[in-house]
Amino acid sequence: MYNKILVALDLADNDGAKKVTEKTNILAKSTGAQVHTISIVPDYGTSMVSAFFNDDHQKDAMHKLGEKVQEFVSDNFDPEVSVRPHIVSGSVYDEIMRASDKLGCDLIIIGAHRPELSDYLLGPNSARVVRHSKTSVLVVRY
């Protein structure tokens, strides 16, 4: 059914990430799929904004997130599931789509909190992934 699953992990929402991981464990174990997690450090977009941070800020942020992801994966994924974490920098939507294409994933799993009015007006990252993905997307509500 699925060979490669891309899981978007937002560790800023630990409870949501755990719920996404629970569903991923079930699917990966039942299908034998390899799991790739993606966690994204947002870029600052403009040189004016990035000027407020030191030169190593992005590199340090990615390193710290990598450590947190490794710990999260060890604590929350079933040992029977093959997991490969990826830490990238950029826009959430773009990086999820890019990773899915590059890795040849046949399913994307992404979490979504209960929608608020602003989400309907602005369109969250999960909605953009669902609308534009070339592969199937499972949205885990929490």
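Helices (H or I, at least four residues) and strands (E, at least two) are DSSP runs, numbered from the N terminus. This is a predicted model: local features need pLDDT of at least 70, side-chain atom pairs count only at pLDDT 80 or more, and totals for chains, interfaces and linings use all residues. Residues are numbered from 1 along each chain as its sequence is written, and side-chain values use heavy atoms, with hydrogens and water left out.

**View 1. Ser-39 in strand S2.** With 1% relative accessibility, Ser-39 counts as buried (under 20% relative accessible area; exposed is over 50%, partly exposed in between; 1.4 Å probe, protein chains only). A polar atom of the Ser-39 side chain lies 3.3 Å from the backbone oxygen of Leu-9. A polar contact is a pair of N or O atoms within 3.5 Å; within protein, one must be able to donate a hydrogen and the other to accept it, and residues adjacent in sequence count only if both atoms are side-chain atoms. Leaving aside residues up to four places away in sequence, Ser-39 touches Leu-9, Leu-65, Val-69, His-86, Ile-87 and Val-88 (heavy atoms within 4.5 Å).

**View 2. The open sheet of 5 strands.** The strand order is S3-S2-S1-S4-S5, with parallel pairing (at least two DSSP bridges between two strands). Strand S3 (83-89) and strand S5 (136-141) are at the edges; each has a single partner strand, so one side of each lacks a neighbour in the sheet. From one strand to the next, the twist averages 25°. Axes are lines fitted to C-alpha atoms, for helices over the stretch in contact; angles run from 0 to 180 degrees between N-to-C directions.

**View 3. Strand S4 beside S5.** Strand S4 (residues 107-112) and S5 run parallel, joined by 6 bridges. Opposite Gly-111 stands Val-140 in S5.

**View 4. Helices H3 and H4 across strands.** Helix H3 (residues 57-76) lies across strand S2 (34-41) and S3, at about 160° to S3. Helix H4 (residues 92-103) lies across strand S1 (4-8), S2, S3 and S4, at about 150° to S2.

**View 5. Arg-128 over the ring of Tyr-93.** The charged end of Arg-128 is 4.2 Å from the ring centre of Tyr-93 (cut-offs: NZ of Lys or CZ of Arg within 6 Å of the centre and within 35 degrees of the ring normal).

**View 6. Asp-15 in helix H1 (residues 14-31).** Asp-15 has 57% relative accessibility and counts as exposed. Its C-alpha atom is 8.6 Å from that of Tyr-142, 127 residues apart along the chain.
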